[in-house]
Amino acid sequence: MAVLNGSQIRERFNDPLDQRLVVSPILEPPEQLRDDQASVDVRLGFQFALLTPSLIGAVDEFDQDPPLSLASLYTKRFVPFGRRIVIHPHQFILAATLEYLRLPSDLVAYVMGRSTWGRLGLVVATAVGIQPSFAGTLTLELRNLGEAPLSLYPGQVIAQLFFHTVKDAKTGEGIGQYSGAVDLLPKQMSPAATHENLKKLKKAVEKI
Amino acid sequence: MAVDIDSPIRRARLAVAFSLERLRTQVSEAKAQQFPGDHPGPLQWLELISGLLDTAAEYLKRSAEPGQSAKKEAELVRDAAHLAFEAYNYLVLMRGAGMDELPYAIIPPLQRWFEQLGVSNSTFFRAELLANYELASIPDRLFSVRDPSASLTKTVQQIDWPFLRVTVPGKAFAIVPHLAIVAHEIGHALFSKINWDLSPFVATEADDLFKRICTRLMLPHLDAGTVKFLQDAFRSWWEELSADAFAFYLTGPAIFFSLPEFSQFLSDGYGLSDTHPATDLRRSVLFAKLSDGGSNSFATIFKKHTAKDLTEDFNSPLVLRPPDSDQLYVDLCTKQDQNIAAVLTELHASMPVLVGLVYDHVEQYLRTNATESIYSAQKYDADLSEHLGPMLVAVPPIEAGPSLDSKVPTEFASILNVGWAVLLTKLGDLQVRAKEPDLFGANRLEVLQGLLSKAVELSEARRVWER
């Protein structure tokens, strides 16, 4: 599984549609995509979500029927260019990338926080892997582990994307369905079948 | 300060003062919020309201001055109360202008239409939970009060009157492709800017129109009320057709797909009233314009990219075509006074003469004043070539250009048109995961709506960054 270098990434932007890699918009190409590196820098977007958990006991997918709406845990904020949102020490917020990403079926990507932010205590992303055929904006899970509040401005470079080829991936038209995910809030904790089985197991244990 | 409530008038003054303070708090909180697009319009409107409240407060102060007659004191308190009520009503007028109701990113492209077309009026946008698009024109006389405060005078002078308020549906009915209808509303703001010459209509049609109405009513001449109704209806229809024409030149096929579709669900008849000509007539004109130009027409380009023949009812099968004049008159008489029915029937028959003139005037106005705002068939061709295929693999029309270093942001009208082309002809080919069960493809449409919203947001981001 090889990592694409800068010029290979650039070439993939011009591939035929079904194999094309899309990262859009890249506002400063010379800065964000350099031939001597192996990644694309991505920026903070405008959508943020702040956890407001005080109204519930715990996030528990089996605590309610129907299950708790995960979106209800968050307050969304749109922060335009020129404004900021402050992440305080130990605060956790979700942030969308500015860039829209579309991966073809033969590429996976990894999102990594930039070291500059890391040295200030900001941890970017826990779900770092992005599956082939993903389409949408990335949701970054930001946590400030540092001692000082950090001002975050939309448009700031926050992370970088590394692209890997998938061995023996099927390519061609009609392969895969893209998610087209543009909302940063989580939808469900477990896939449907897993959720049902876990629910049955929980009930069985409760009867003991 | 001691509170003096030892007389009925003083208690009344306290009640008004209490209202004013609460209104000030409400206005202050409203000013502190962020408005979509960081548009200045809502803040200008709030400044006007602050000016009214300042004026009311000055009335109250004067009412309490020593030596004031009881009559004058009562008059000032009453006037202050009236201003407080007015201020409250004006706050209601901007309900729905905040970020909770309107997505931030849709306002800049709408405002850009206004600017491109030279509509410099102070404006604010708001959403309401009503299936309605509307442009309201608010005159300065609403803020013309006796002894205005310095703040009110200053703000009134800073406003470009009349103040315009654009209303769009909020929440569930805030559907991106339908925003082409806002171009129609902007057309209303431009109606008075055109140097109209309807003499060809007057020469060929006006006399005949009067005669036909008289004949239908079996009257030698029309009474003043009917003539007034005819004049008002004619003026309204003329303006509606003009607004349609603006929307056509600004958005091309998008208005043909959105306006009749929207109208067909709102009207249970022909959509024909004293304020609006028949929906079918308006749609026919738009369809004719789209078909105009042979191999370079919008309709031909639409077929080239979608393999579908554009038909008049392509996206509006429920629009009813009015019958011949005699039957239309009978139909209208079941719901209207016969004079009104006769006027509407014959006015409808005269419209084919008017529509050509109206579209010609609007086109000429735009070619002279804002030619870059015209959405051409060539642009449509380029947009579908560039974006239709990518949209099917979930790449929204954010930007266009051959290389990374030469990308330009996609125009709003382009996003609308690419959206409609996918929505109406390629939804089944859209390679996205939609929730199941998917009622007739509605969940797929929801994904499309998300992609189009993202295209608007990110094309604006690129535009702002470059600026």
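## Questions on a predicted two-chain model

Student: Is P260(B) buried or exposed?
Tutor: In this predicted model, P260(B) sits in helix α9 of chain B, which covers residues 253-266. The cut-off for burial is 20 or more other C-beta atoms within 10 Å, and because P260(B) has 25 C-beta neighbours inside 10 Å, the residue counts as buried.

Student: Which helix gives the most to the side of domain 2 of chain B that touches domain 3 of chain B?
Tutor: Chain B is divided into domain 1 (8-174), domain 2 (195-371) and domain 3 (377-466), and the centres of domain 2 and domain 3 of chain B, taken over C-alpha atoms, are 31 Å apart. Their contact draws on 16 residues of domain 2 and 13 residues of domain 3. On the domain 2 side, α8 (224-251), α9 and α11 (298-306) of chain B each supply at least two residues. With 4 residues, the helix that gives the most is α11(B).

Student: How many nonpolar, polar and charged residues does that side of domain 2 of chain B have?
Tutor: The side in question is the one that touches domain 3 of chain B, to which domain 2 brings 16 residues. Divided by class, these are 7 nonpolar, 8 polar and 1 charged.

Student: Which strand supplies the largest share of the side of chain A that touches chain B?
Tutor: Chain A has 4 helices and 11 strands, and its contact with chain B takes 26 residues from chain A and 28 residues from chain B. Three strands of chain A, namely β1 (22-24), β5 (92-102) and β9 (135-144), each supply at least two residues of this side. By class the side has 16 nonpolar, 6 polar and 4 charged residues, and its largest share, 3 residues, comes from β5(A).

Student: What percentage of the contacts in chain A between residues at least 6 apart in sequence join residues at least 24 apart?
Tutor: The C-alpha trace of chain A spans about 60 × 45 × 25 Å along its principal axes, and buried residues make up 30% of its 208 residues. Among contacts between residues at least 6 apart in sequence, the share that joins residues at least 24 apart is 80%.

Student: Which helices do the buried residues of α1(B) pack against?
Tutor: Helix α1 of chain B (residues 8-32) has 25 residues and reaches 36 Å from its first C-alpha to its last, close to the 36 Å expected at 1.5 Å a residue. Its buried residues are R13(B), V16(B), L20(B) and L23(B). These pack against two helices of chain B, α2 (41-63) and α3 (70-93).

Methods:
Residues numbered from 1 in each chain as written. Chains lettered and ligands numbered in written order. Predicted model: local features only at pLDDT ≥ 70, side-chain atom pairs only at ≥ 80, totals over all residues. Buried ≥ 20, exposed ≤ 12 C-beta atoms within 10 Å, placed from the backbone. Contact = placed C-beta atoms within 7 Å. Nonpolar A, V, L, I, M, F, W, Y, C, P; charged D, E, K, R; others polar. Domains from an automatic or database assignment. Expected span 1.5 Å × (residues − 1).
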